[in-house]
Amino acid sequence: MNKEYESIMKNDVWDVVPRPNDKSVVTSKWLFKIKHGVNGSTKKFKAKFVARGFSQKEGVDYDEIFAPVARYTTIR
């Protein structure tokens with residue numbers, strides 16, 4: 001969790017701003033996963049901090065959508 005938090009802070013992922021009275025807060029949560037080796041032994045513990053964006057409504061909470069992937073035609 002500390003590595004994930006340090007990465008978020010180092011990359012300046014978000015800005016803390018006051019919440020407008022007419023808007024709701026997008027909640028977030030920690031996801032944990034245990035990576036196993038080939039022989040079944042525990043290899044790595046991973047943690048990810050994610051926003052629960054399903055609580056947002058298009059046109060009310062956001063106007064634009066961004067995808068963190070590139071299309072093959074763009075790379076060409």
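In what order do the elements of the protein chain run from the N terminus on? The order is α-β-β-α. That gives 2 helices and 2 strands in the protein chain. One caution before I go on: this is a predicted model.

Let's take the whole chain. There are 76 residues, and buried ones make up 1% of them. Buried here means under 20% relative accessible area. The protein chain exposes about 7600 Å². Carbon and sulfur atoms account for 54% of that area. Now the contacts. Take those between residues at least 6 apart in sequence: 39% of them join residues at least 24 apart.

On to the strands. E1 covers residues 28–36, and E2 covers residues 42–51. How do they run, parallel or antiparallel? They run antiparallel, and 9 bridges join them. Together E1 and E2 form a hairpin, with 5 residues between the two strands. In the turn, find Gly 40. Its phi is positive, at about 90°. While you look at the strands, keep a general point in mind. In a regular strand, side chains alternate between the two faces of the sheet.

Next, the pockets. Rolling a probe the size of a water molecule over the atoms shows where empty space is left. What volume does the largest pocket have? It is about 520 Å³. A total of 19 residues line the largest pocket. Nearest its centre lie Trp 14, Asp 15, Val 25, Val 26 and Ala 51. Which element gives the most to this lining? E2 does, with 3 residues. By class, the lining of the largest pocket has 11 nonpolar residues, 4 polar and 4 charged.

Now the second largest pocket. Its space comes to about 200 Å³. By class, we get 4 nonpolar, 1 polar and 4 charged residues in the lining of the second largest pocket.

To recap, then. The elements run α-β-β-α. E1 and E2 form a hairpin. Thank you.

Conventions: Residues are numbered from 1 along each chain as its sequence is written. This is a predicted model: local features need pLDDT of at least 70, side-chain atom pairs count only at pLDDT 80 or more; totals for chains, interfaces and linings use all residues. Side-chain values use heavy atoms; hydrogens and water are left out. Helices (H or I, at least four residues) and strands (E, at least two) are DSSP runs, numbered from the N terminus. Buried means under 20% relative accessible area, exposed over 50%, partly exposed in between (1.4 Å probe, protein chains only). Contact means heavy atoms within 4.5 Å. Accessible areas come from the Shrake-Rupley method with a 1.4 Å probe; for residues, only the protein chains shown count as cover. Two strands pair if DSSP finds at least two bridges between them. On a 1 Å grid over the protein atoms alone, a cavity is a set of points where a 1.4 Å probe fits but cannot get out, and a pocket is an open set with protein on both sides within 12 Å along at least five of seven lines; lining residues have an atom within 4 Å of a point. Grid points are joined across faces, edges and corners, and a volume is the space filled by probe spheres set on the points. Ala, Val, Leu, Ile, Met, Phe, Trp, Tyr, Cys and Pro count as nonpolar, Asp, Glu, Lys and Arg as charged, and the others, Gly among them, as polar.
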